[in-house]
Amino acid sequence: MNRFSIGQAWSQATGFFSGHAANHAIALIGVGIVIPLALQWIIVGNPMANALNPAMMADPSMMAGMGMGILFMSLLSYVLQFGSYFASWRLGLGSSAGDLTGGLRFGMIAALVLVGILLATLIVAGLLAYAISPWVAFPFILLLLLCFVIMYPALFGFLAILFLLIGVFGSYALSSMAPMMGGGAGGGIGILMMVLVGLLMLWLAARLCCTAPSMADRDEYLPFEAMKRSWAMTSEGQWRIAGYFLLIGAVILVVAVILALIVGSAFQSMVMGGGVPGFGTVILMTVLISIPMAYFTVAIPAGIYRSLGQADVSQVFT
């Protein structure tokens with residue numbers, strides 16, 4: 001395995017889509033974004049218009065129907081989105097690189113398996129938390145989080161920075177209000193736990209970031225062996241990878257703040273004027289955010305995987 005280099009990982013990430021750019025676009029934009037949007041509009045309608053519709057809010061049966069529609073669309077969207085990511089990784093890393101049909105077939109099956117694991121884990125965790133105790137469900141909740149770590153590892157740099165900022169400003173706010181609130185120890189412990197969880201998830205993201213690309217490379221539908229390979233591949237460079245994710249997280253934070261100011265201002269002006277965002281507005285907002293994030297989500301782990309080289313199974317957990 002190669003020594004991890006941020007420069008090499010970034011170079012591999014930016015060049016990942018070259019050679020099969022059209023097929024990657026079909027998978028990531030067509031399958032992962034356009035189709036879910038179209039299906040959402042057909043099944044659920046304009047979610048913003050529904051949320052601002054007094055008749056919808058006043059009718060429990062309509063609300064229940066919309067809730068079931070949203071649940072169904074959420075599961076379907078996860079399958080299509082995860083499937084598009086796996087397909088793109090397969091297109092760039094698999095033995096039959098560039099085969100769009102094979103990539104999409106692998107992607108959809110892998111996504112169905114992963115969403116099935118997510119759904120089963122969520123049901124088991126919910127039943128255990130309800131019947132026994134939330135603490136009994138904790139290992140299942142961790143497994144649930146690991147599924148998202150596998151699919152979105154680079155985003156945990158952003159979450160770690162966000163939690164750290166909340167910790168800093170939250171601690172300051174608690175210390176300022178402590179005299180009038182009679183002390184803020186409970187809130188301080190909660191903020192500290194949030195920060196620690198954020199750092200833990202960042203470390204796990206650094207260790208498991210090669211899982212999904214490894215699955216696509218080796219045509220595997222279950223993540224467990226790929227998680228072992230990723231653990232071995234990232235053993236030496238885990239802290240540099242975590243630092244890489246923090247750098248990426250800082251950039252995402254700045255971009256997110258800018259987009260939130262632009263989109264939030266436009267949305268507020270429209271609502272204050274009595275309007276409801278229409279199809280074109282929602283599509284534009286989605287495109288501005290979803291397409292760059294889809295490419296980013298695929299490219300960063302693929303770049304790390306390529307820069308580290310092929311895993312040596314004999315070194316798993318060393």
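## The pair α6 and α7

The axes of helices α6 and α7 come within 8 Å and cross at roughly 155°. Angles over 145 degrees count as roughly antiparallel, and α6 is therefore roughly antiparallel to α7. The crossing of these two helices is left-handed. The model described here is a predicted one.

On the α6 side, the contact is made by Leu114, Ile117, Leu118, Thr121, Leu122, Val124, Ala125 and Leu128. They meet Phe140, Ile141, Leu143, Leu144, Cys147, Phe148 and Met151 of α7. Sorted by class, the contact of α6 with α7 holds 14 nonpolar residues, one polar residue and no charged residue.

## The largest cavity

How many cavities of 30 Å³ or more are counted in the model? The count comes to one. The largest cavity holds about 50 Å³ of space. Its lining consists of Leu114, Ile117, Leu143, Leu146, Cys147, Ile150, Pro223, Phe224 and Met227. The elements that each supply two or more of these residues are α6 (100-131), α7 (138-151) and α11 (224-233).

Which helix gives the most to this lining? That helix is α7, with four residues. By class, the lining of the largest cavity has nine nonpolar residues, with no polar and no charged ones. Leu114 and Ile117 of α6, together with Leu143 and Cys147 of α7, belong to the contact between these two helices, and Leu114, Ile117, Leu143 and Cys147 are also among the residues that line the cavity.

The contact of α2 with α6 comprises six nonpolar residues, one polar residue and no charged residue.

## The pair α10 and α11

Helix α11, which contributes to the lining of the largest cavity, is also paired with α10, residues 211-218. The axes of α10 and α11 come within 8 Å and cross at roughly 120°. Angles from 65 to 115 degrees count as roughly perpendicular and those over 145 as roughly antiparallel; α10 and α11 are therefore oblique to each other. Their crossing is right-handed.

From α10, the contact involves Thr211, Ser214, Met215 and Arg218, and from α11 it involves Ala226, Met227, Arg229 and Ser230. What classes of residue make up the contact of α10 with α11? There are three nonpolar, three polar and two charged residues. Met227 takes part in this contact and is also one of the residues lining the largest cavity.

## The second largest pocket

The second largest pocket holds about 330 Å³ of space. Its lining is formed by Leu155, Phe158, Val251, Ile252, Val255, Ala256, Leu259, Leu288, Ile289, Pro292, Met293 and Phe296. Which elements give two or more residues to this lining? They are α8 (155-181), α12 (238-272) and α13 (279-308).

By class, the lining of the second largest pocket has 12 nonpolar residues, with no polar and no charged ones. The lining of the largest cavity likewise has no polar and no charged residues.

Conventions. Residues are numbered from 1 along each chain as its sequence is written. This is a predicted model: local features need pLDDT of at least 70, side-chain atom pairs count only at pLDDT 80 or more; totals for chains, interfaces and linings use all residues. Side-chain values use heavy atoms; hydrogens and water are left out. On a 1 Å grid over the protein atoms alone, a cavity is a set of points where a 1.4 Å probe fits but cannot get out, and a pocket is an open set with protein on both sides within 12 Å along at least five of seven lines; lining residues have an atom within 4 Å of a point. Grid points are joined across faces, edges and corners, and a volume is the space filled by probe spheres set on the points. Ala, Val, Leu, Ile, Met, Phe, Trp, Tyr, Cys and Pro count as nonpolar, Asp, Glu, Lys and Arg as charged, and the others, Gly among them, as polar. Axes are lines fitted to C-alpha atoms, for helices over the stretch in contact, and angles run from 0 to 180 degrees between N-to-C directions. Angles under 35 degrees count as roughly parallel, over 145 as roughly antiparallel, 65 to 115 as roughly perpendicular and the rest as oblique. A crossing is left-handed if the near helix is turned anticlockwise from the far one by less than a right angle, and right-handed if clockwise. Contact means heavy atoms within 4.5 Å.
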